[in-house]
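Open the model in your viewer and keep the sequence panel beside it. This tour tells you what to select next and what is there.

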Amino acid sequence: MSTKKKLFLAHNSCLNSSYDLNVLKAGLEQGGFEIVEKPELADEVIFSGCSVREVWVTDAVNQIDEIHRRAPSAKVTVTGCIANVSPDVVRAKARTQAINFQSPQEILTGYAGLDFKEIDRTFSQGSSHNYEGQPGSGLSNLRQRVGADKAAIVGVLQEIDRELGTNVEGLYRRTTKGFVFYNEVEASELITVTRSCLYKCSFCSIPKGRGAFESVPLKDILVKAQEALAKGIRHIILVGDEIGNYGVDTVGAKFAELMRALIEVSDELKFSIRYIEPKPFLKHANMLRELCASGKLELLYISLQSGSQRILTEMNRNYDIAKLAGIYSQFRDSATVFYCNWMVGFPGETEEDFQRTMDLVNVLNLQINVAIPFSPRPGTPAENFDRQIDEATKASRVARLTDAIADLKVRMFKKELESLHEERLTPLLEQIRQAESQQDRTQTNIRIPISIYSTPNVGGSRI
């Protein structure tokens, strides 16, 4: 019989935090702990929670309650952003009060006497890792990105590709939220290069949740890239809450030097950048444009948040959106996939402000767009701003923007599938529209009007 202490790990967090949970898991295993797949098998439970929106905090509490119901005697430790931003909410709402709050670094040191940075330095984060939580645990996971609707579309596109000798399925996977980062077909290596963010946006709790901004040493990043290449992996996903300011906390290499050093590892390597803020994007625009034009950049993820200059100023983002959009639009003739978040319902957002966002979304015509409703976060300035937007208005605007995003996706694939007969093309495009429209349906505390989901036989997605 095993004498190892048994731990169950779960989360509802973003890729950045779930990456750190995988590092923690590796360290705990190295320290002699057994990781089990269900809470009722565990002596202790570690849950990494997201606090970036109220819906995620509620979801975390629900999962913690379910874990406690199934494993009432197990010790519960909560980590991730929620441990720093919303511990009082968790204590007040969770059914068990026997909860500890610690960082992954504190947990690993306390449990196993190991250093988190040392484990991260040697541990590979390949795309075979699961970033979706424990699929066999029986827990309801709001973060599950790909549901039956998108899976069904992939099946249809595979059939079309076999018939026509095309690769439309590959394009769909590359340009659709859920497949990107989490369900990659091509083997890839995820490398965290920064943690936390230097900026102080008035709505954002990430700096508090993730702690002080920190850059991973360049030599560690390059070793991981070299080891990935040796395993035949040629796609490197650079992960961070904001990587455009890489190195500003050290005397070493900065973002431009990081990218040049990675390119020098091998001409075969291609890269995806998961989160760069607009200000460093503008600073490095020429270099990024060259990377796109040369085919080195598979994906660029930059959140613009609003098309309204006034709202961006209230958000304390303070970049010239017209200048940024003008530069960004020049990138769209490359093969790079562009990923963008748009925030709806920020305090004081007028119909005119919202329309500016709608207009910019259509003008830029990026491949992946996500409509995110404003959620007041504790301790942020925007929590107490005047002119908070009522939930009905937020719901209406999220639905309208999501419809516009779905229309962009439909137009993209109508062009790709123009050789299909109308009776086959029309229902497929409607499937694509519905899958895109549902991207925020389960992730908000806003009720999206049901009329935009009226097509029958389309499964619900948990994106």
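A crossing of two helices is called left-handed if the near helix is turned anticlockwise from the far one by less than a right angle, and right-handed if clockwise. Keep that in mind for the first two stops. Note also that this is a predicted model.

**Stop 1: helices α11 and α13**

Select residues 255–265, helix α11, and residues 285–293, helix α13. Their axes come within 11 Å and cross at roughly 25 degrees. Angles under 35 degrees count as roughly parallel, so α11 is roughly parallel to α13. Which hand does the crossing of α11 and α13 have? α11 passes α13 in a left-handed crossing.

Now show the side chains. On the α11 side, pick Phe255, Ala256, Met259 and Ile263. They meet Met287, Leu288 and Leu291 of α13. By class, this contact of α11 with α13 has seven nonpolar residues, no polar and no charged ones.

**Stop 2: helices α16 and α17**

Next, select residues 351–364 for α16 and residues 391–416 for α17. The two axes come within 10 Å and cross at roughly 15 degrees. That makes α16 roughly parallel to α17. Here the crossing is right-handed.

Color the contact residues. From α16, take Glu351, Phe354, Gln355, Thr357, Met358, Val361 and Asn362. From α17, take Arg397, Arg400, Leu401, Ala404, Ile405, Leu408 and Arg411. What classes of residue make up the contact of α16 with α17? There are seven nonpolar, three polar and four charged residues.

**Stop 3: the sheet of six strands**

Switch to a cartoon view. Find the open sheet of six strands, in the order β6-β9-β10-β11-β12-β13, with parallel pairing. Its edge strands are β6 (189–192) and β13 (368–373), each pairing on one side only. On average, neighbouring strands of this sheet are turned by 15 degrees against each other, direction ignored.

Select residues 337–344, which form β12. β12 and β13 pair in the parallel sense over six bridges. The bridge partner of Tyr339 is Ile368 in β13. Bring back α16 from the previous stop. α16 lies across β12 and β13, and runs at about 170 degrees to β12.

Move to β9, residues 235–239. β9 pairs with β10 in the parallel sense over five bridges. His235 stands opposite Lys270 in β10. Is β10, residues 270–274, mostly covered or mostly open? β10 is mostly covered: four of its five residues are buried.

**Stop 4**

Zoom in on β4, residues 75–79. β4 and β5 pair in the parallel sense over three bridges. Val76 has Ile99 of β5 as its bridge partner.

**Stop 5: Ile160**

Select Ile160, found in helix α7 (residues 148–164). Is Ile160 buried or exposed? Ile160 has a relative accessible area of 1%, so it is buried. Not counting residues up to four places away in sequence, Ile160 touches Gly165, Thr166, Leu417, Leu420, Arg424 and Leu428. Now draw a distance to Pro373. The C-alpha atoms of Ile160 and Pro373 are separated by 36 Å, and the two residues are 213 apart along the chain.

**Stop 6: two asparagines in a loop**

Finish at the loop between α14 (309–314) and α15 (321–329), where Asn316 has its place. Asn316 is not a glycine, although it has a positive phi of about 65 degrees. With a relative accessible area of 37%, Asn316 is partly exposed.

Asn318 is in the loop between α14 and α15 too. Phi of Asn318 is positive, near 55 degrees. Asn318 is partly exposed, at 39% relative accessible area.

Notes
Residues numbered from 1 in each chain as written. Predicted model: local features only at pLDDT ≥ 70, side-chain atom pairs only at ≥ 80, totals over all residues. Heavy atoms only, no water. Axes fitted to C-alpha atoms, helices over the stretch in contact; angles between N-to-C directions. Parallel < 35°, antiparallel > 145°, perpendicular 65-115°, else oblique. Contact = heavy atoms within 4.5 Å. Nonpolar A, V, L, I, M, F, W, Y, C, P; charged D, E, K, R; others polar. Buried < 20%, exposed > 50% of the residue type's maximum accessible area, 1.4 Å probe, protein only. Pairing = 2+ DSSP bridges.
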